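The following exercises concern a single protein chain. Please examine the sequence and the structure before working through the solutions.

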Amino acid sequence: MASAKAVAVIRARPWAVACFLLPALLLLGALIVYPIGYSIQRSLFDASGSSFVGLDNFQDLFTNEATRKALSNTLIWIVVAPAVATGLGLIFAVLTERIRWATAFKLVVFMPMAISMLAAGIIFRLVYEQDPDRGLANAALVTVHDTFSGGAAWPDARPRPDTGLTAQEDGAYLVDATARAGEPVLLPLVGVKPADASGEAEAAPAAADPGAVTGTVWLDFAPGGGGTQDVIDPGEKALSGLKVEAVREDGSVAASATTGDDGTFSLPAEDADGAQLRLAAGNFTAAYNGVEWLGPTLVTPAIIASYVWMWAGFAMVLIAAGLAAVPRETLEAARVDGANEWQVFRRITVPLLAPLLAVVLVTLMINVLKVFDLVYVIAPSSSQADANVLALELYRSSFGGGANQGLGSAIAVLLLVLCVPMMIMNVRRLRQEKKR
């Protein structure tokens, strides 16, 4: 009835309708139709815009290594990012119905939406810093790793050249001379920052014991300079916690000991006398420094994670609104019939929300095609080519040094073509909803 009246009004006053629609149509033409038409036309010309090249720019798009990498990364984004964000949004929406502080939780999850892409990129560039002292992600990983796996006692320690300690292939240091019971061994090391050894006790000479092979491992560096090399000077710090091994000629370990607070160690004479002493490689293993988040391998997943952090709240809010409209009687009836919560969720909640989930998913798929800021800001120059996407390649080709607006326009046309199927899906979904 209402549609018939609308048709009658349009037929009776076509000029009035045209006057109302004209401003919107002009704006639509200026901001959408004209740019699309110009981009299609410009994609058929060369970099200068003076020579017609036909489809050569599109051929370059699929043969150029940079644009092919950008295309493959964009496809990864389309498949992974919307699915993960929608899935998390669904989980959050369902869980918020069962917690007391649901509104506060939704606010916290949705809050990243208030942050611009540029600001989010800066935040996650800091989060993914390689240095654990600056990057939050690696700081957390290093803390967990060091909690369950103790690091090397003195990873930076090393002997001076020509001090009788020879470096081995595995990182250990072997004493050239054989050890003798009753003759204390001095094992001076350097390379340790004085600040790192500030909490250590002063080194002490090991006592001569005829029934044992003894020695001292210390930082051969006197505060303020001076002192004598290979001699324990006053104020020089002990290196505690180092593993010292007695190695037989066949390479087997006869005995081992750990240096005490004063840097001294003791090995039984029956095992160590006549053997060579070795500072185990585990004493000098480099400290765990976390994961290279922004390296060539993980840069794209890392940036996708930052996108999900921002947009999972958007999906949650839309899905929560749809979930509020789900008939509670249906859910309760399923529970009365003996269905557990997982079955209710899988067999009833998800099917009822399927149309809404499809809309959210398609909306995010369109959105990820425009991702530019996150990749440009988060990916360092060394791995930006590995994280490249079509929107970024469009900018780099047209304005970022490539100076080829023909290729950039071709990329823009490709992005439009990728958007069209998703737009059609959304339009059909909306029409189906109206029919219901």
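**Exercise 1. Confidence**

What pLDDT does the protein chain average, and what percentage of the residues score at least 70?

*Solution.* The model is predicted: local features need pLDDT of at least 70, side-chain atom pairs count only at pLDDT 80 or more, and totals for chains, interfaces and linings use all residues. Residues are numbered from 1 along each chain as its sequence is written, and side-chain values use heavy atoms, with hydrogens and water left out. The chain averages a pLDDT (the predictor's confidence in each residue, from 0 to 100) of 87, and 95% of the residues score at least 70. Helices (H or I, at least four residues) and strands (E, at least two) are DSSP runs, numbered from the N terminus. Where pLDDT is low, predicted coordinates should not be read in detail.

**Exercise 2. A helix pair**

Describe the packing of α10 and α11.

*Solution.* Step one is the geometry: helix α10 (residues 328-336) and helix α11 (residues 341-368) pack at about 135°, with axes 10 Å apart. Axes are lines fitted to C-alpha atoms, for helices over the stretch in contact, and angles run from 0 to 180 degrees between N-to-C directions. α10 is therefore oblique to α11; angles under 35 degrees count as roughly parallel, over 145 as roughly antiparallel, 65 to 115 as roughly perpendicular and the rest as oblique.

Step two is the contact (heavy atoms within 4.5 Å): Thr 330, Leu 331, Ala 334 and Arg 335 of α10 meet Glu 341, Val 344, Ile 348 and Thr 349 of α11.

**Exercise 3. Two arginines**

Determine whether Arg 278 and Arg 428 are buried or exposed.

*Solution.* Buried means under 20% relative accessible area, exposed over 50%, and partly exposed in between (1.4 Å probe, protein chains only). Arg 278, in strand β8 (residues 276-279), has 19% and is therefore buried. Beyond its neighbours within four places in sequence, the contacts of Arg 278 include Tyr 173, Lys 243 and Glu 245. Arg 428 belongs to helix α14 (residues 405-435) and, at 59%, counts as exposed.

**Exercise 4. Positive phi**

Where does Asp 162 lie, and what is its phi?

*Solution.* Asp 162 is in the loop between α7 (136-148) and β1 (165-167). Although not a glycine, Asp 162 has a positive phi of about 60°. Its relative accessibility is 80%, so Asp 162 counts as exposed.
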